[in-house]
Amino acid sequence: MGEIALSAKKLNVYYGEKHAVHDVSLDFAEKEVTALIGPSGCGKSTFLRSLNRMNDLIPSCKVTGEILIDDRNINGTDTDVVALRKKIGMVWQRPNPFHKSIYENIAFGPRYHGIKNKKQLDEIVEQSLRKAAIWEETKDRLHKSALALSGGQQQRLCIARTVAVKPDVILMDEPASALDPISTSKIEELISELKQDYSIVIVTHNMHQAARVSEKTAFFLNGHVVEYDKTETIFTNPTHQRTNDYITGRFG
Amino acid sequence: MSAKTADKIATGVIVFITGLIALALIGLLGYILFRGLGHISWHFLTSPPETIRKGGGIGPQLFNSLFLLVLTMVITVPLGIGAGIYMSEYAKAGKITSAIRLVVEVLSSFPSIIVGLFGLLVIVNKFNLGFSLLSGALALTIFNLPLMVRITEQGLRSVPVQQKEASLALGISKWKTIRSVQLPIALPIVLSGSILAAGRIFGEAAALLFTAGMSSPRLDFSDWNPLHSDSPLNPMRPAETLAVHIWKVNSEGLAPDATQIAAGASAVLIITVLLFNLGARALGRYMHNKFTASK
Ligand SMILES: Nc1ncnc2c1ncn2[C@@H]1O[C@H](COP(=O)(O)OP(=O)(O)OP(=O)(O)O)[C@@H](O)[C@H]1O
Ligand SMILES: [Mg+2]
C-alpha cells in the first residue's frame, strides 16, 4: 500500500441537532480507489462532502474532528478553503455541467488558476477530455453548449472538468447511478484509468461496481463505519454480521 | 360533470380572460397610436415646445427622458445588483436581514408623489442639488432600487445550487463563482427587472415634478460638455421629461394645438418604451447566448 493521500480522524458531522456522522476515522491511500457503501441515509454523502469542506455551504452543518492532508489538518477556520478545493475535486450523482460551451466548462478552472495562454488552455482541454474518454465525441463541437450532451456524456465532461485543475483527490458521489448501463461501464473504465494519477473516493449503491473498481471498501451504517478493509475481504469474508447482511442484500 | 368537461370549461374561461386582457391592451395601444401617430414628424421630434403658438415640438423632453433613463440606470443597476448579490449570497439569515428585506418591500410600494416630496425636501433643498436631472435620477433611484435588489436576489436564488457547488469544488472563489457562473444564468431575470425599472422611469411623472422640475432651459445641442450650463448633458440643469410634459400640456397648455401635442407625445412615449423593451431583450438574449454558449 502506498502513501496516505487523505485521512479523516474522529470526524463528526451534525445538521443542527441531528448527528449524521459519528467518529469516523478513515485513511485513503494514494492512487487507489476507496468505495463507501451503505444503506440510504447512513451519511455517506455527508461524510464525502465534509472532505472538501462542501458542507460549509450549509449553515446548519457543523463538522468536528480532523481531516489530514500531508499531516496538516484542513478542518480549521484558518484553512484556505478555496485552495483546498483545488486539491480535492468532486463529481456528483446528477451531472452538473456549467451553462457554458464544452470548451469553457473545461477551461474555466485552469484559466482561473492562472493559465491564460490560449495554446496551453487548448492543450489542457484536449488532454482532459481525452482522459475522461469523451474527446472523440466532443472535438467537433467544443464551442457548443455542454447542456446539449447526453447525461452520460455530461457526466464524463464533469469528470474532465475536475481533472483539468489537476487535483490530488477526486470525490465521487454515486457518479453513475443516474446513467444507463453503457455509460455506467464507461465511467467505471474511466475510474480504473484515473486511479493511475489520482486518489479516488467513490460512494456507490452498486455492490458489483464497488467490487469492480475499488481497492478498499468502507461500510457505513447509521453514521458509523462498521467495517473498513480490502474490497476483496469485505465482499468475500467480512468480519461483521451486519456487513455480510448488507452485501448479500438482506437489508438496505 | 366529467373531468373532461370541467377541463374544457376551465380552459375556456382562462382563454376568455386572457383574450379580454389582450384586447384591452391592443385597444389602448391602438387608440393612443391612432390619435398620436398623425402628429409625429421629424420637426415634432426635434424642435423645442412653443408656449402660445402652434407647431411646438418635444425635442428637449424626449432627450431629457432618455438622458434621465441612462442617468438613473447608471446609478440603480450597479447598486441594485450589488445589493441583490449581498442579500442572496452573503447576508446571513437573521433579524437584520429580514429587517432589510422588509424595508426594501415597503420602499418599492411607496406612492411616487411621496417620493417626489421627499426628493424636494431632502435632495433638492437640503442637499442643495436644485431642480435637476441628478435630483430626478436620485428620486427615481429611491423607488427603483428596491425592485432591482429584489429581482437580482430572486434571479440568483433561481440558479441551481449544483452550479455554484460545481464551481466552488474546482477551487474557484465565491466572488468569481457569482460573477462567472451564477450571474450569467440569472441574467434574463435581472434583465427583465431592469426593463421594468426602466419602464417606470419613462412613465414616471409625479416623482419628477418636484425633483427634475417642470421646465427645460434652452439647450444648445452643439455643446456636449457636461459642465456647461446649456449643454444637454449637464446633469445639474432642470429637465422636464416627456411624461411630465404630457401632464403639463394637458392640464395647462396654452398652445392652440395642445391636444394634438399631448396625443403625439403620448404616442412617442409608448413607442420609445416598446423600442427600449425590444432592444433590451435582444441585447439580453445576445449576452445570455454569449455567456452560456446556447443558441
Ligand atoms: N442539508 C441537510 N440538512 C439536514 N439533514 C440532512 C441534510 N443532508 C442530509 N441530512 C441528513 O443526514 C443523514 C445522512 O444523509 P446523507 O445524504 O449523507 O446520506 P447518504 O448515505 O448519502 O444517503 P443516500 O445513499 O440516499 O445518498 C440523513 O438522515 C439525512 O436526512
Ligand atoms: Mg448520498
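**A close look at chain B**

Reply: In chain B, 76% of the contacts with a separation of 6 or more are between residues 24 or more positions apart. Keep in mind that the model is predicted.

Start with the build. Chain B holds 11 helices and 0 strands. Its pattern along the sequence is α-α-α-α-α-α-α-α-α-α-α. The C-alpha trace of chain B spans about 70 × 60 × 40 Å along its principal axes.

Chain B has 295 residues, and 43% of them count as buried. The accessible surface of chain B is about 15,300 Å². Carbon and sulfur atoms supply 71% of that surface.

Then the charges. Chain B carries 23 positive and 13 negative charges.

Now go to one helix. H10 of chain B runs over residues 242-252. Which of its residues are buried? They are B:Leu242, B:Ala243, B:Val244, B:His245, B:Ile246 and B:Val249. What do these buried residues pack against? Their partners are four elements of chain B: helix H3 (59-90), helix H8 (174-203), helix H9 (206-209) and helix H11 (258-292).

An α-helix has 3.6 residues a turn, so residues three or four places apart point the same way.

B:Phe16 sits in helix H1 of chain B, which covers residues 3-36. Is B:Phe16 buried or exposed? B:Phe16 counts as exposed because its relative accessible area is 55%, and the cut-off for exposed is over 50%.

For contrast, step across to chain A. A negative surface patch is formed there by A:Glu3, A:Glu30, A:Asp70, A:Asp71 and A:Asp168. A:Glu3 lies in the segment before strand E1 (4-15) of chain A. A:Glu3 is exposed, with a relative accessible area of 58%.

Strand E1 of chain A also contains A:Lys10. Phi of A:Lys10 is near 50°, a positive value in a residue other than glycine. A:Lys10 is exposed, at a relative accessible area of 54%.

Note on methods
Residues numbered from 1 in each chain as written. Chains lettered and ligands numbered in written order. Predicted model: local features only at pLDDT ≥ 70, side-chain atom pairs only at ≥ 80, totals over all residues. Heavy atoms only, no water. Patch = residues over 30% accessible without salt bridge, like charges linked within 9 Å, V, L, I, M, F, W, Y side chains within 5 Å. Areas by Shrake-Rupley, 256 points an atom, 1.4 Å probe, with all protein chains shown as cover. Salt bridge = Lys/Arg side-chain N within 4 Å of Asp/Glu carboxyl O. Lys, Arg positive; Asp, Glu negative; His and termini not counted. Charge placed at Lys NZ, Arg CZ, Asp CG, Glu CD. Helix = DSSP H or I, 4+ residues; strand = E, 2+ residues; numbered from the N terminus. Buried < 20%, exposed > 50% of the residue type's maximum accessible area, 1.4 Å probe, protein only. Contact = heavy atoms within 4.5 Å.
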